[in-house]
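Reader: I have the model open on my screen. Could you take me through a few of its details?

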Amino acid sequence: MSSQPLYRRVADVLRNEISAGAFPPGARLPSERDLCDRFDASRNTVRAGLNVLVAEGLISASQGLGYEVRSHEVFSLNASRFENLTFPQNGDAYNTDVTHAGRRPHQEFRVEMQPASALVAGQLRVADGATTVLRFCHRYVDGVPWSTQATNYPMWLVEKAPRLAEPGDIEEGTTRYLAGLGVEQVGYFDDISTRMPTPDEARLLQVGAGVPVLVWVRTGYSQDKPIRCTVTTFRGDLNHMNYEIGNLAAREEQA
């Protein structure tokens, strides 16, 4: 006889059925009463099992409507091409990638002066707490929260590129804007990690307690110094990232 708690078995069985397609995205699960009969379990036990799946981001609960399988249409981001000025653009890099994928972009902005955190100060080579311009984007794909992006610029650069400190979007993207002023990003360094979201991140990205976030820190460089530090926080359940490095002719032939 299994020593696994019954609520865990409820969660495991339903999770496997969702993965197998028995309950596709948007489908409603059987009622708590029906699940009680199926598993010969109390309502509290069934509810505990369902809450495991809610925390994992697999299902959502609606008052009076029961439980629904969440839609998980993953977005693939090619990090090598993102911000690459040699590729055709439709606005900034985010709008370009999302629209080229046949999806619908939407983003909300705020711009403010902010003291540099230890991370940002280290990447930009400025003093801890030095004033920077923060351009913050809350981004969506098809109306679903996709990521938050916080980019800090040093004040010496803002003096050359005053639009960085202006509210609202820079339509062509900041990388193209800076290049037009002679401040060309010639390289970048990426650092990628995963962790559980902070309460604020969970609220903005609308993720359950069991869903991790992917944190992508990209520091951009001109010929002689760093020009920006961008921290993008993605929903871990809706994003996939890839890179292209070197000669990929053999891969193109295989495709």
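Author: Ser147 counts as buried because its relative accessibility is 0%, where buried means under 20% relative accessible area, exposed over 50% and partly exposed in between, with a 1.4 Å probe and protein chains only. This is a predicted model in which local features need pLDDT of at least 70, side-chain atom pairs count only at pLDDT 80 or more, and totals for chains, interfaces and linings use all residues. Residues are numbered from 1 along each chain as its sequence is written, and side-chain values use heavy atoms, without hydrogens and water.

Reader: Which strand is Ser147 found in?

Author: Ser147 belongs to strand β6, residues 144–154 (strands are DSSP E runs of at least two residues, helices H or I runs of at least four, numbered from the N terminus).

Reader: And what is Ser147 in contact with, leaving aside neighbours within four places in sequence?

Author: Ser147 touches Cys137, His138 and Arg139, as well as Leu205, Thr232, Thr233 and Phe234 (contact means heavy atoms within 4.5 Å).

Reader: Changing topic: at what angle do α2 and α3 pack?

Author: Helix α2 (residues 32–39) meets helix α3 (residues 43–55) at about 105°, and their axes are 9 Å apart. The two are therefore roughly perpendicular to each other (angles of 65 to 115 degrees).

Reader: Which residues make the contact?

Author: Helix α2 contributes Glu32, Arg33, Leu35 and Cys36, while α3 contributes Arg43, Val46, Arg47 and Leu50.

Terms used
Axes fitted to C-alpha atoms, helices over the stretch in contact; angles between N-to-C directions. Parallel < 35°, antiparallel > 145°, perpendicular 65-115°, else oblique.
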